[in-house]
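The following note sets out points to consider while reading the structure. Please keep the sequence and the model open side by side and follow the points in order.

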Amino acid sequence: MEAVVDGAALDLGRRIERIILGLLLVNLGSALSAERLIDLVWGTHLPNHPRRAVQVAVSRLRALLSAAGAERHGFRLTSSGGGYLVEGDLGLVDLHRFTALHRKAISVSAPEERSELLTEALGLWRGPVLGDIASATIRDRMWPGFDEQMLAATELRIDSDLRLGDHVPLVAELAALLREHPLRERLVCQSMVALLRSGRQAEALAEARVFRARLAEEHGLDPGPELIETERVVLLTDRAPLALGTRPVPALLPPAAPDFTGRAAELVQLTTTLTSRREALPVCVVSGTGGVGKSTLAIRAAHTVATAFPDGQLYADLRGVTTCPATPGEILGRFLRALDQDVPESSSEREDLYRSVLAGRRVLVVLDDARDEAQIRPLLPGHAECAVLVTSRGLLADLPGARRVDLGIFDEDNALELLTKLIGTRRVTADAGSASRLIALCGGLPLAVRTAGARLNARREWSLEVLVDRLADERCRLDELASGDLEVRANVGLSYRVLDPLTQRAFRLLGLLGIPDFAPWIVAALLDTEIAAAEDVVDRLVDARLADLAATGRDGRPRYRIHDLHRVFAAERAEHEESEPERAAAIRRALGAWLWISGRLAASTPSGEIDPCATDTSSHPIDYLPADGAAWFDAELSSLVVAVERAAAMDLDVVASEVSAGLCATSLGIGNRFEEWWRTHDAAIAAARRAGNTRCEAMLLAGLGQLRYAQDRFDAAHEFFASALLLFDASGDQRGRAVVLAGMGSAYREQGRFLAARDTLGQALLDFRAIGDEAGIGYTSRLAASVELEVGDFHPALTVAHEAIRAYKRLGSRRGEALALRTTSLIHRAMAEYAHAADLSARALHMLEELDDRLMFAYALQSLVKAEIRLGATVVPSLDDALATCRAHQDRLGEGLILRTMGEHALATGDLTGAQARLCQAIGIWESVDLPVFRARALRDLADVHTAAGRPDQAARARDQAIAIFAEFGAREHAELAGHLSARS
């Protein structure tokens, strides 16, 4: 363990500091907990205060590193989550630099470059990791593979040097290595080759005999196939060092891509599996969607390990996704001819001869673009000396013992690196923003990036922005992503054509719908089929790599996605292969199924909100009901918004409007998902207006009014409500009128316009009673009760609050009942019945917790804490989480209420500074959303803070402002303050 800063060795102090720094550097960028450090440093022999010892050591290390100026080089020792980590450049730590050089060497094919990289890497290796301070036990636990990695790198470098003809100096080096590792078969084989090529055949054979004897004596084992084959070659070879045998050595690999990018981990996995010692035939399968770079990776891996297969490399394109895939007999004939064999007539005889010829040889077989397992099995050698590398769009799950590497799309960094290699650094750096947008439009698909690069190279006069603009239009995107034999559309078409007709149709309709992810029930609705059949279709899409698993929802059910470019292709096919009525019917079924499911969920657990859509005409029955409604809404919302926008664009105004309106009473209205709320309504109302559908336009205007109300934008809410009211009145829609009046009344109430609120809510309540709408009665009664509370009419307030509770109970809405209980609690608190108020809030809190309604839970907790403060409690539940919830839901009213309550609690416990800070925050919020009555209540509390702090003038100003506002709006607090009453809101 040695640290060098600016050329000078740094004194790292005691062993404990050295080993802790060493452990953190080996795990550079990742934290180690204090417990883990204690375990590694001392094991079971702990000092008296191990955690304190670690803290002291870390403190000393920080001082040492700081004094040495380590931060100038980017190294920082920091605390992290109960542990410690060092941040810095991996390239400045020998161990990490060794690993990077080793990986790079594996990825290159030229022996000169590989030898140079490995020589540099091995030059960094000066013994076991932390060999001077860490015990062998620690090394075995923390880095069990590092010594093996060093030996593997050494063997790989020797392979490269042998290919370069540098065998003479290797004889002595290999002899020294074998004295240290006498049972390492690969080193013995390399030594035999070096001796043979140096004209020392007898010594090479003697080395094999010594190894055989030692292996049998010490382990009772026979040598592996590599030594057997090397010994056979040495026996048959004179002094021709570069002609090891007379058998033909096929070299059928296509050239490796010169611009190979990324895939470092996958390349290491493949090369390690293909070259490691084994008892069974190693088979690697590289799978992934079309255009993801399977063949590019496989061919690079094959070139990388080619030297480990001295008897040749066989390659065949199996044409698996074409209409004419290669037969095993055809490929066996090609391979046998490459092996200089006469080709039998029958496929079974070819298979037998193929395996016989390969027995005892080290041959790599690369099978590109396999269709299925049946196409591959006859092409598998029968012995473990060979290795097989397969690429396929399918998963090939029934291929026993195969090691699978599943390729995904490129991340932005790798995609940009590939684009840079294709068109040059200057063009990419000249417009980095357009380069990033280009990568996004290509969806990170390597083939698309490669095609875009080819287009830009063919049109040198184009800037990246020109191509980005051309790709922006989805209708033309696949036309633009074509250059020579590089074409995304044709590539996706290969996978599409081999699907059965039903799966093709599902793919087309999913592309038409355009959603970012989906569950099988959507496919069932699109195809108008059973869920089980839809699940089978989705499985076939996944097997064809035209759909991928996106995530698993909270309910444990999988969701799938289609790559953007595949979706564009699918939408094209829908336009060409589905009639306009068929396309419209499929979209109606998908959105209608959502309405059906949400309707069933709403019926089982009514939210208590008013649904602007009295009756829907678009529901499509489907045999599916999620167990967790909230999780289902959350998972489906993003896709649903896109589907509504697609339906609106297709002028399907009724289903788009009914789904959008239905959302107000479900996830959007409850969860304050404002962006999604606006997007669905904005798209649907445009479609309704184009169609002249005033019914749908009116209910969407009501929904937009409710949106602005939820955002505390009350004037804007009134504008939408007024427009909706005109349309409902014109059509004689009593329920629609009541919905709008209830919304207007709620906005008036928040603004402190209590008389207007009382009037409009009263009208709405009469309408809801007349039509027997329990949700409307409950909602409007609850709001009417709060208005009566605001003006100090407590007994009428209790009457309508109880009516709300009864209505919600008849409806079966536990949420609505809980909200009405909270309102009733506020009335009793204003009547100074604090214990009863606390009990009602506690009941509401429990019900909302069971429903997992976090926002309304925050409101109920606030009312409970406030009642407890009135009872004189100084220790109350924390409101921190409730405040965070309101902020997460963008609920400014709730945020202000909780801040004011936190201020009141601080005042009650004598924390005047904290009280003033919280109250001023609340006042600022209510000023920003123009809620004067709420602001006045916080001003009254602030006056009490100033009084307690001995600031009578400031107290008087705040109190006078509050009284003036209360008087202006007719709030009950005016009488309370004027009469010096002690009751508090």
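Predicted model: local features only at pLDDT ≥ 70, side-chain atom pairs only at ≥ 80, totals over all residues.

1. Trp-926 counts as buried, because its relative accessibility is 1% and the limit for a buried residue is under 20%. Trp-926 is found in helix H44, which runs over residues 912-928.

2. What does Trp-926 touch, not counting residues up to four places away in sequence? The list consists of Leu-893, Gly-896, Leu-897, Arg-900, Leu-931, Phe-934, Arg-935 and Ala-938.

3. Trp-521 deserves a point of its own. Leaving out residues up to four places away in sequence, Trp-521 touches Ile-531, Ala-590, Ala-593, Trp-594, Ile-597, Ile-622, Tyr-624, Trp-632 and Glu-636.

4. How many cavities of 30 Å³ or more does the structure hold? There are three of them. The second largest cavity contains about 70 Å³ of space.

5. Which element supplies the largest share of the lining of the second largest cavity? The answer is H29, with four residues. By residue class, the lining of the second largest cavity divides into eight nonpolar residues, one polar residue and two charged residues.

6. Arg-263 lies in the loop between helix H11 (225-236) and helix H12 (264-275). Is Arg-263 buried or exposed? Arg-263 counts as buried, because its relative accessibility is 9%, and the limit is under 20%. Apart from neighbours within four places in sequence, Arg-263 is in contact with Val-292, Leu-297, Leu-407, Gly-408, Ile-409, Phe-410 and Pro-446. Arg-263 and Gly-408 are 145 residues apart in sequence, while the C-alpha to C-alpha distance between them is 9.8 Å.

7. Ala-359 is likewise placed in a loop, between helix H15 (347-358) and strand E8 (364-370). With a relative accessible area of 31%, Ala-359 is partly exposed. Ala-359 and Ala-402 are 43 residues apart in sequence and 20 Å apart in space, from C-alpha to C-alpha.

8. Thr-503 belongs to helix H24, residues 501-513. Thr-503 is buried, with a relative accessible area of 0%. Residues up to four places away in sequence being left out, Thr-503 touches Val-537, Arg-540 and Leu-541.

9. Two aspartates call for attention to the backbone. Asp-528 has a positive phi of about 55 degrees although it is not a glycine, and Asp-528 sits in the loop between H25 and helix H26 (531-543). Asp-712 also has a positive phi, near 60 degrees, in a residue other than glycine. The place of Asp-712 is the loop between helix H33 (694-710) and helix H34 (714-731). Asp-712 counts as buried, at 8% relative accessibility.

10. Finally, the chain as a whole may be described. Of its 985 residues, 54% count as buried. The secondary structure comes to 47 helices and 14 strands. Along its principal axes, the C-alpha trace spans about 115 × 75 × 60 Å. The accessible surface is about 41400 Å², and 51% of this surface belongs to carbon and sulfur atoms. Among contacts in the chain with a separation of 6 or more, 67% are accounted for by residues 24 or more positions apart.

Key:
Residues numbered from 1 in each chain as written. Heavy atoms only, no water. 1 Å grid on protein atoms, 1.4 Å probe; cavity = no way out; pocket = protein on both sides within 12 Å on 5 of 7 lines; lining within 4 Å. Points joined across faces, edges and corners; volume = space filled by probe spheres on them. Nonpolar A, V, L, I, M, F, W, Y, C, P; charged D, E, K, R; others polar. Buried < 20%, exposed > 50% of the residue type's maximum accessible area, 1.4 Å probe, protein only. Contact = heavy atoms within 4.5 Å. Areas by Shrake-Rupley, 256 points an atom, 1.4 Å probe, with all protein chains shown as cover.
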